[in-house]
Amino acid sequence: MTSEPRPAPFRVPDRLFAELAAGGGSAEAVAFLERGERARRLLLLRTLLDRLAELPTPLTPVADAWNTFKEAAERAPEAVDRLLLAPTTGGWIAHMLRRVHGTATGPPLWAEAGRLNVLAITAALHAGTDTALTVPLTDGALQLPELGLLRLPATPPGPTVARATTRSGELTLSGPPAHAASHPTVTCRPTTAPARGRGAGGPRAEGPRPEGPRSGGFRPEGPRPDGSPPDPPAAPASVGAAAYGAVSASGPPASASAPASGAAPSVIGAPASGPPTSASAPASGAAPSSVGAPASGAAPASAPAPASAPASEAAPSSVAAPAAGAAPVPAPAPVEAPAPWLPLRTLTHATPAGPVAIPLDDLDPYRDLDDPVPPARLDDDEAAEWQRVFDDAVAILAGAGDGQGPGRLDPALIRAVVPCGRTALTPPAPPAVAVSASSGDSFGAMLISRPGSALALAETLVHEFQHSKLAALLHLFPLLDDDREERFYAPWRADPRHLTGLLHGAYAFTGVTGFWRDRLAEPEHAEAAAYHFALRRLQSRLVVRTLLTSARLTAPGRRLVDGLARTLDGWLRVPVDPAALSRARTAASLHRTQWRLRNLAAPVGPDGVLRFRPDRGFWPDSRTHAFATRPAAPLTPDEHLAAGDPATALDGYAKDLARDPADPRALSGWIVARATLDPGHATRRPLARPELLQPRPGG
């Protein structure tokens with residue numbers, strides 16, 4: 001990573017911008033966005049390293065760690081580029097910049113800044129170079145970006161330090177003396193593990209080799225958020241451990257476990273072209289002679305010693321013989337300590353060029369969207385279920401062919417999937433995705449609560465990758481002049497949005513619309529596809545119109561939104577089943593009407609300026625998915641409206657309003673049902689501005 005020659009400015013080729021503006025994007029277009037992300041991260045790293053140069057630290061100085069990183073990049077540029085582009089690297093850089101500017105908090109700053117040292121050690125493992133750096137531990141664990149976690153025995157809780165040494169792809173971690181003159185030490189060759197678990201047919205665990213890496217990256221295990229220690233794995237082979245020669249201060253080396261068998265997964269994504277370019281290394285800061293105090297509330301690295309047994313259960317001084325005929329009491333089984341090496345699992349995606357390993361990241365502290373989070377290790381069964389649902393989702397995506405239009409996604413472009421909200425197979429997952437999110441700092445990563453439905457997961461993968469593409473475009477040039485005032489209607493949100501959020505929604509849901517368009521010809525998905533395609537094209541076009549009339553788009557921004565408009569206008573002419581189209585239009589009207597009732601107050605003066613209700617808050621949108629299918633035996637007013645019986649629905653809403661005249665859900669239903677029955681001027685006005693009128697049931 002040298003600073004010469006000076007890189008040329010980024011210029012997006014017209015044809016690639018046109019692909020992205022239409023809501024799609026070929027592999028070439030995505031690779032261009034990744035090159036932009038790489039350049040941005042190097043610039044941010046230079047800024048961060050300058051700020052950290054004089055930071056007092058017990059670790060190897062910043063300049064030395066950066067030089068180690070650059071030396072590894074010279075030997076294995078593609079592998080180190082992948083490490084630089086890892087979503088958790090972007091998350092760490094963004095978090096650290098917030099910390100040095102005083103807008104984020106965390107453990108001692110040197111401990112988080114030491115992630116650079118850990119990145120350098122990981123890069124050395126990939127390149128097969130020999131180095132030795134002092135690195136930070138968290139509760140006795142070293143978390144290797146894009147590889148896994150190595151536990152060091154006999155280490156105190158909280159942030160501490162250790163010496164990490166690499167030699168030909170092998171890592172040795174040594175801590176300070178634990179008691180007398182003994183140093184806890186552990187050695188391993190880091191590997192990753194497939195999410196599908198043990199057995200033939202799955203890819204074997206992978207890790208860096210002297211000639212370069214063979215697999216994507218993965219992560220750690222540690223204490224639970226409540227401070228209790230982690231559960232030990234069922235067996236070392238269940239996590240594909242390849243630790244060997246593990247030596248604690250009080251015991252002999254632990255035996256190695258053989259990695260799982262099968263084909264080796266290839267590395268995710270296309271590497272960025274060219275060797276890394278360098279930010280100049282800052283001068284190193286002075287290191288204090290002692291380690292700072294652990295962060296408050298830090299969890300212990302190992303289980304505490306059991307409390308003394310009560311007097312009534314105290315062990316006798318001699319062992320009595322069992323009574324005649326009594327079964328002998330078996331000795332208690334020994335408690336197996338956690339394996340020193342815990343790999344991050346991967347989702348395996350088969351491609352014509354070979355299998356691709358996509359991190360299923362349940363361990364990295366920087367996998368989340370904001371501040372660092374503790375590990376949330378998935379059970380083996382839950383990890384295997386992720387692989388099963390992912391396989392089915394990939395099969396659905398493959399059904400659309402190899403095109404590059406909106407709604408198409410090559411899963412190999414995904415850089416990480418972060419499980420959210422559940423770590424066990426039970427209780428059963430709901431069919432829909434309850435939570436999904438992504439961050440512009442972590443290109444290609446997506447945080448998802450696992451659904452029971454592969455169709456829902458496939459839609460969510462498309463949705464979140466759209467956000468990554470748009471965020472990368474926003475990093476290259478401004479698309480709008482946003483005052484960040486949250487005042488705009490987004491058909492997929494309960495709250496008002498600012499223009500940037502509106503643009504993100506329009507771009508993401510244009511992709512979602514394309515996903516459902518591709519499902520129209522699939523018999524098993526045709527009914528749901530017709531509804532969701534009709535609904536999302538209508539809602540997305542409404543938001544695009546808002547963006548075009550806002551007068552705040554830059555020239556590239558207008559070109560982008562014009563491209564979305566052309567795509568959606570073409571889709572509005574696609575024939576859709578009339579019943580599904582009717583339900584989609586009704587659901588769209590219900591959401592908009594309820595949103596205005598819950599968020600807007602009637603103007604106080606003749607100027608008609610919008611005023612937001614001071615008591616507005618979140619409200620669940622259960623109607624959008626409920627209207628996807630026609631109810632066979634409708635009972636509620638909503639179900640009668642979805643079944644095409646607005647008269648019965650109107651009567652039901654009137655009864656609900658008699659009990660609670662201010663119920664926004666019932667009132668919005670009443671307004672929409674009335675407009676459906678009598679689509680004249682008298683009903684159009686309250687449908688357009690429901691906050692201006694409080695209709696009376698029967699009026």
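Tutor: A nonpolar core is a set of buried Ala, Val, Leu, Ile, Met, Phe, Trp, Tyr and Cys residues joined through side-chain atoms within 4.5 Å. Buried means under 20% relative accessible area, exposed over 50%, and partly exposed in between (1.4 Å probe, protein chains only). This is a predicted model, in which local features need pLDDT of at least 70 and side-chain atom pairs count only at pLDDT 80 or more, while totals for chains, interfaces and linings use all residues. Residues are numbered from 1 along each chain as its sequence is written, and side-chain values use heavy atoms, with hydrogens and water left out.

Student: Which residues have the most contacts inside the largest nonpolar core?

Tutor: In soluble globular proteins, nonpolar side chains tend to be buried together. Here the largest core has 95 residues, and Leu461 and Leu560 have the most contacts inside it. Contact means heavy atoms within 4.5 Å. Leaving aside residues up to four places away in sequence, Leu560 touches Phe17, Leu20, Ala21, Leu470, Leu473, Leu479, Leu503 and Tyr507. A second, separate core of 51 residues includes Leu59, Ala79, Ile93 and Ala113.

Student: What covers the buried residues of helix α8?

Tutor: Helices (H or I, at least four residues) and strands (E, at least two) are DSSP runs, numbered from the N terminus. Helix α8 spans residues 380-398. Its buried residues include Trp386, Val389, Phe390 and Ile396. Among the elements covering them are the strands β12 (345-349) and β13 (356-360), together with the helices α9 (454-476) and α10 (499-519).

Student: How many salt bridges are there?

Tutor: Side chains of opposite charge can pair when their charged atoms come close. A salt bridge is a side-chain nitrogen of Lys or Arg within 4 Å of a carboxyl oxygen of Asp or Glu. By this rule the count is 33. In one of them, Arg559 pairs with Asp14, with the closest N and O atoms 3.7 Å apart. That pair links helix α12 (residues 555-571) to helix α1 (residues 14-21), across 545 residues.

Student: Are Glu691 and Arg596, which meet in a salt bridge, buried or exposed?

Tutor: Glu691 is buried, at 7% relative accessibility, and Arg596 is buried at 11%. Their N to O distance is 2.7 Å. Glu691 lies in the segment after α18 (681-688) and Arg596 in helix α13 (residues 578-599), so the pair ties together parts 95 residues apart in sequence.

Definitions and conventions
The expected span of a helix is 1.5 Å times one less than its number of residues.
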